[in-house]
Amino acid sequence: MRRRSGALGAGLVAIVIGAVSAASADPVEDKAALCGACHGQRGVPVSKDIPIIWGQQEGYLYLQLRDFKSGARSNEIMSRMVAGLERDDMLALAAFFAAKPWPDTGQPAASEADARAAKTTSASIGCPACHSDRFQGDGTVPRVAGQNEAYLAKTLADFRTGARANNPGMAAFVRATSEADLVALENYLAGL
Amino acid sequence: MAPTVVDGKVLIGTNGGEYGIRGFVRAYDAKTGKLIWNFDTIPDNSVGTWATKDATGNDLHRDIAAEKAALAAGGDPFKTLGGGVWQNPAVDLETRRIYFVVGNPSPDLYGAVRPGDNLYTDSLVSLDLDTGKYVCHLQYIPHDVWDLDAVSPVVITTVLGRDGKPTKGLLHAGKTGFVYVHDAKDCSLIRYSEAMVPQENMYTLPTKDGARMLPGANGGVEWSPMAVNPYLGLAYAINLHQPMTYQVATESRVAGKLWLGGAFKVIPTEEQWGNVTAVDYNTGKIRWQVRTAQPMIGGILATAGGLVFTGEGNGLFKAYDSESGAMLWSFQAGAGVNAPPSSYSVEGKQYIVVGAGGNAQLDYKRGNSIIAFTLD
């Protein structure tokens, strides 16, 4: 499964490299166009398990790029994408995407039962203490409101198994929460 | 912590007790920005005395043999032991000392990787203002595994000493729910108050599936500063009652990332509330206590005119009689009043001012107002 998605990503990257061969004047925009192959040229990712990065918190975006490069966060495609990036490139890309508007993906609001369960879970483990008011994130903490539901599900599952290892605190909170409550939380956050 | 500017110096401290840092307090020259001194809140030898009880004599249920074995195997954990300083120091220009409290060890709940008392986490510390040299300390909870650390700022005031005579004292409101009264000379504990909130199963150790213990990890008393009425000998504190379970997990540190070593979870089925509490710091007795609908976080103000002001997460900003606790007035601010009120005078007229910005920790409604009232 992982290998298949890696091959798909590589294909998309190749297409985009061709598409942006006529380089624009702004080197950040050139690099950002590559990102758009998966994360969406208008901010809506091409697949539901790929995160929205338009309008995401700048500090968070930078830290993830840094962690992909150092190997602290593991993802076959992203590791290749960031391999040639320097710190300044990553900072510029983070600022570029943070300044974009968050896209409307039209994900449905959670059911009343899921919303109720999600609010209870959130109050219990204290999500807003870091993810802030209405889950908008802050600085190095990501916005999770309106994020792609499949990506949220994959991320929380990866925290639970340890596949995502670049934030032990998040892993601890996820492991302290039942899988049923996490599903409700994913539905709720995606629909905000 | 916000900077404190005093006598030509800018004092700063760092947070980071949840991130495996080594905490510090520093003084810079206010004119040039040059570093004058640095004090590591975690000394090179953080082991201490292998204390088995907290400052009030409660058993901490430590496995000292296991900790000693961990120390022999892994060495002193001082470089990643945390010890953030959340709030400003109290400054005594008469003795040229500062007093502050140091926060929790890293990781919060997983103590196996940090053997020893974890000095000076969860402690009152005093330094020389001019040199940054250590003067004295008192550790409230050695080897804390509950995040019941010391975060509310220290207050300097005259208290009755052990001999019953007035002496310079220090007050600190703990997450434990106690108000601690210290001798300013040597940091020693003169007395501690009655518990302001329910304490249950203290200090049961965190477990893999979660152990219930009160207070929860927000306290007791969180960062909220106390206020004092020296004419009445009363300290005013705002409290939280927020039952939680404490879970421990084996986690490796990742530089710069949240590192708790487990999780604290609010128990959704249990009632939560807050208190406004007046403590007689010369006896340790609670003089009066008023229940609030929600756990309290922010701050409190006592005026010389006999009033106490504090706000709540539901937007209510209230005035109480400082001697009796009778509620005298309230105002709905439209967002959580979770900040310390202050008072000032202009042309002989007294004002009370407070921020209504809400609170992230307890998710109280956010706002964007600063509201001033007159005392006509």
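Mentor: Start with B:Cys187. This residue has 0% relative accessibility. Buried means under 20%, so B:Cys187 counts as buried. Keep in mind that this is a predicted model. Now take B:Cys136. Its relative accessible area is 5%, which also falls under the 20% cut-off, so B:Cys136 is buried too.

These two cysteines belong together. B:Cys136 and B:Cys187 form a disulfide, with 2.1 Å between their sulfur atoms. Over all chains, the structure holds 1 disulfide. Look along the S-S bond next. The torsion about the bond of B:Cys136 and B:Cys187 is about 60°, and therefore the disulfide is right-handed. What does the pair join? B:Cys136 sits in strand β8 of chain B, residues 134-139. B:Cys187 sits in the loop between β11 (179-183) and β12 (189-192) of chain B.

Chain A gives a contrast. A:Cys35 is in no disulfide. For A:Cys35, the nearest cysteine sulfur is that of A:Cys38, 9.1 Å away. A:Cys35 is still buried, because its relative accessible area is 17% and the limit is 20%. A:Cys127 is in no disulfide either. The nearest cysteine sulfur to A:Cys127 belongs to A:Cys130, at 8.9 Å. With a relative accessible area of 14%, A:Cys127 is buried.

Now step back to chain A as a whole. It has 10 helices and 0 strands. Buried residues make up 44% of its 192 residues. Take the contacts in chain A with a separation of 6 or more: 67% of them are between residues 24 or more positions apart.

One helix shows how the burial works. Helix α8 of chain A covers residues 149-161, 13 residues in total. From first C-alpha to last it reaches 18 Å, close to the 18 Å expected at 1.5 Å a residue. The buried residues of α8(A) are A:Tyr151, A:Leu152, A:Thr155, A:Leu156, A:Asp158 and A:Phe159. Seen down the axis of α8(A), they fall within an arc of 160°, so they line one face of the helix. What covers them includes α3 (58-70), α9 (168-175) and α10 (179-190) of chain A.

Follow the chain onward. After α8(A) comes A:Gly162, with a positive phi near 95°. Then compare α8(A) with α9(A). Their axes are 8 Å apart, and the helices pack at an angle of about 95°. Angles of 65 to 115 degrees count as roughly perpendicular, so α8(A) and α9(A) are roughly perpendicular to each other. Who meets whom? From α8(A) come A:Leu156, A:Phe159, A:Arg160 and A:Thr161. From α9(A) come A:Met170, A:Ala171, A:Val174 and A:Arg175.

Finish back in chain B. B:Gly33 lies in the loop between β3 (24-29) and β4 (35-40) of chain B. At 44% relative accessibility, B:Gly33 counts as partly exposed. From B:Gly33 to B:Val145 is 112 residues in sequence and 37 Å in space, C-alpha to C-alpha.

Note on methods
Residues numbered from 1 in each chain as written. Chains lettered and ligands numbered in written order. Predicted model: local features only at pLDDT ≥ 70, side-chain atom pairs only at ≥ 80, totals over all residues. Heavy atoms only, no water. Disulfide = S-S within 2.5 Å. Helix = DSSP H or I, 4+ residues; strand = E, 2+ residues; numbered from the N terminus. Buried < 20%, exposed > 50% of the residue type's maximum accessible area, 1.4 Å probe, protein only. Expected span 1.5 Å × (residues − 1). Arc of directions from axis to C-beta. Contact = heavy atoms within 4.5 Å. Axes fitted to C-alpha atoms, helices over the stretch in contact; angles between N-to-C directions. Parallel < 35°, antiparallel > 145°, perpendicular 65-115°, else oblique.
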